[in-house]
Amino acid sequence: YLPPPRAGRERAGRGPGRQRPWRQAAAAAAAGAERVVTTYCPANNEPIASVRQASLEDYEETVKKAKEAWKVWADIPAPKRGEIVRQIGDALRQKIKVLGSLVSLEMGKIFVEGVGEVQEYVDVCDYAVGLSRMIGGPILPSERPGHALIEQWNPVGLVGIITAFNFPVAVYGWNSAIAMICGNACLWKGAPTTSLISVAVTKIIAKVLEDNRVPGAVCSLVCGGADIGTAMARDERMDLLSFTGSTKVGKQVALMVQERFGRSLLELGGNNAIIADTLYGPLHTKEAVKMFLDAVEQAKQQGGSVVCGGKVINRPGNYVEPTIVTGLPHNAPIVHTETFAPILYVLKFKEEEEVFAWNNEVKQGLSSSIFTKDLGRIFRWLGPKGSDCGIVNVNIPTSGAEIGGAFGGEKHTGGGRESGSDSWKLYMRRSTCTINYSKNLPLAQGIKFQ
């Protein structure tokens with residue numbers, strides 16, 4: 001349903017049949033590698049399509065093209081970059097239902113959630129348009145006469161974006177839209193099991209960039225597995241690496257990036273069990289079903305009682321029953337484990353301080369929520385002795401977040417922040433600039449070398 005780009009068209013300044021920069025990047029990401037990954041529909045485990053994975057040589061070529069494209073993109077004024085991002089949002093809006101269907105088909109979430117995920121990307125594009133006219137630093141008062149003190153923000157350069165299967169569109173949207181208006185080029189590696197979504201979204205973006213006479217390599221894509229991810233983490237040309245995934249892999253990524261004194265933005269595991277939806281799709285893979293069954297068994301062994309669900313549904317695909325477990329202590333190992341399955345552990349408490357402590361004792365710190373009409377309890381929950389998560393809600397579930405606020409978590413969730421608020425600062429580098437427009441040369445703090 002997304003036709004391949006037309007080859008061989010001419011444009012001023014390029015010879016007949018010569019590939020545009022974005023086509024070269026796309027070719028680099030697809031040509032030459034012998035590894036092919038087949039994506040399967042979680043609803044029936046039937047194959048959908050096969051996607052050729054990039055080799056390290058392909059990755060190297062793509063990075064070079066992306067760095068070259070950045071030189072063009074960085075020279076475009078921020079409001080003009082915002083206008084192009086607005087067009088990307090419109091292009092996604094025009095195909096929102098078909099993209100939502102593809103998310104549902106390949107990832108497994110229900111259709112309305114698939115559409116909602118694409119809508120998040122669209123909304124972030126709208127947000128980024130306004131932000132493109134607002135980013136910048138203050139002019140600060142200088143202690144020296146005839147001096148100006150300015151905070152200057154510039155793009156970091158190339159932003160690597162590694163996303164997970166559970167949000168195969170939205171997370172890239174959060175990162176790329178804001179990174180782009182800040183003046184950065186992006187290199188995306190999605191999950192291998194959702195490669196079709198990555199390819200479809202990238203083709204839509206590439207056409208918008210091309211129509212604006214901008215190299216498509218500004219938003220490059222490399223399909224690949226752990227070897228490509230490792231190359232990105234270790235690559236000094238990757239000026240910022242945004243990684244979304246498990247805490248286990250995130251630790252490895254953080255160490256590799258830190259080893260080269262690089263910058264990372266980590267959005268890792270969560271463990272916020274609060275509701276069990278009865279309208280939901282299949283688990284993403286057969287392996288996830290095994291993890292579900294293993295978690296149910298561990299819950300039983302650790303003293304829990306399965307009062308609802310706990311079984312695999314006897315039908316094609318990776319469907320399991322919504323599961324509720326009671327009777328476990330708050331510090332049971334399985335309660336502190338992110339299973340990534342529809343399992344709800346119900347815990348009874350007596351005192352407010354007690355349950356606040358239970359919320360904070362887990363290693364993850366992504367999202368939390370309390371349901372109460374007690375005004376004092378609300379503000380204690382939001383305060384210094386309340387929830388230590390990055391997202392703290394009152395009278396709403398833990399899932400979902402508005403794009404205007406920064407999204408991310410504390411502790412083993414990685415500390416990264418994406419989307420709204422001042423998260424744009426993560427995609428830029430700050431310089432403190434002092435300009436002397438006087439005829440004297442005074443030093444700070446009144447120091448005089450005499």
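These points describe some helix, sheet and aromatic ring arrangements in a predicted model.

1. Helix 8 (residues 226-234) and helix 9 (residues 247-259) have axes that come within 8 Å and cross at roughly 35 degrees. Helix 8 contributes T230, A233 and R234 to the contact, and helix 9 contributes V253, M256 and V257. Of the residues in this contact, four are nonpolar, one is polar and one is charged.

2. An open sheet is formed by three strands in the order 10-11-12, with mixed pairing. Strand 10 (305-308) and strand 12 (343-346) are its edges, each pairing on one side only. On average, neighbouring strands are turned by 35 degrees against each other, direction ignored. Strand 10 pairs with strand 11 (residues 323-326) in the antiparallel sense over three bridges, and C308 stands opposite I324 in strand 11.

3. Helix 10 (residues 286-301) lies across strand 10, strand 11 and strand 12, and runs at about 20 degrees to strand 12.

4. There are six aromatic pairs. One of them joins Y121 and Y172, edge-to-face because the ring planes stand at 85 degrees, with centres 6.1 Å apart. Y121 is in helix 5 (residues 111-131) and Y172 in helix 6 (residues 170-181), so the pair ties together parts 51 residues apart in sequence. Both Y121 and Y172 are buried. Ring pairs link Y121, Y172 and W188 into a cluster.

5. The rings of W153 and W424 are also edge-to-face, with centres 5.1 Å apart and planes at 65 degrees. W153 lies in strand 4 (residues 147-155) and W424 in the loop between strand 18 (418-419) and strand 19 (428-436), 271 residues apart. W153 counts as buried at 10% relative accessibility, and W424 is buried at 9%.

Technical notes. Residues are numbered from 1 along each chain as its sequence is written. This is a predicted model: local features need pLDDT of at least 70, side-chain atom pairs count only at pLDDT 80 or more; totals for chains, interfaces and linings use all residues. Side-chain values use heavy atoms; hydrogens and water are left out. Axes are lines fitted to C-alpha atoms, for helices over the stretch in contact, and angles run from 0 to 180 degrees between N-to-C directions. Helices (H or I, at least four residues) and strands (E, at least two) are DSSP runs, numbered from the N terminus. Contact means heavy atoms within 4.5 Å. Ala, Val, Leu, Ile, Met, Phe, Trp, Tyr, Cys and Pro count as nonpolar, Asp, Glu, Lys and Arg as charged, and the others, Gly among them, as polar. Two strands pair if DSSP finds at least two bridges between them. Rings of Phe, Tyr and Trp (its six-membered ring) pair if their centres lie within 6.5 Å; planes under 30 degrees apart count as stacked, over 60 as edge-to-face and the rest as tilted. Buried means under 20% relative accessible area, exposed over 50%, partly exposed in between (1.4 Å probe, protein chains only).
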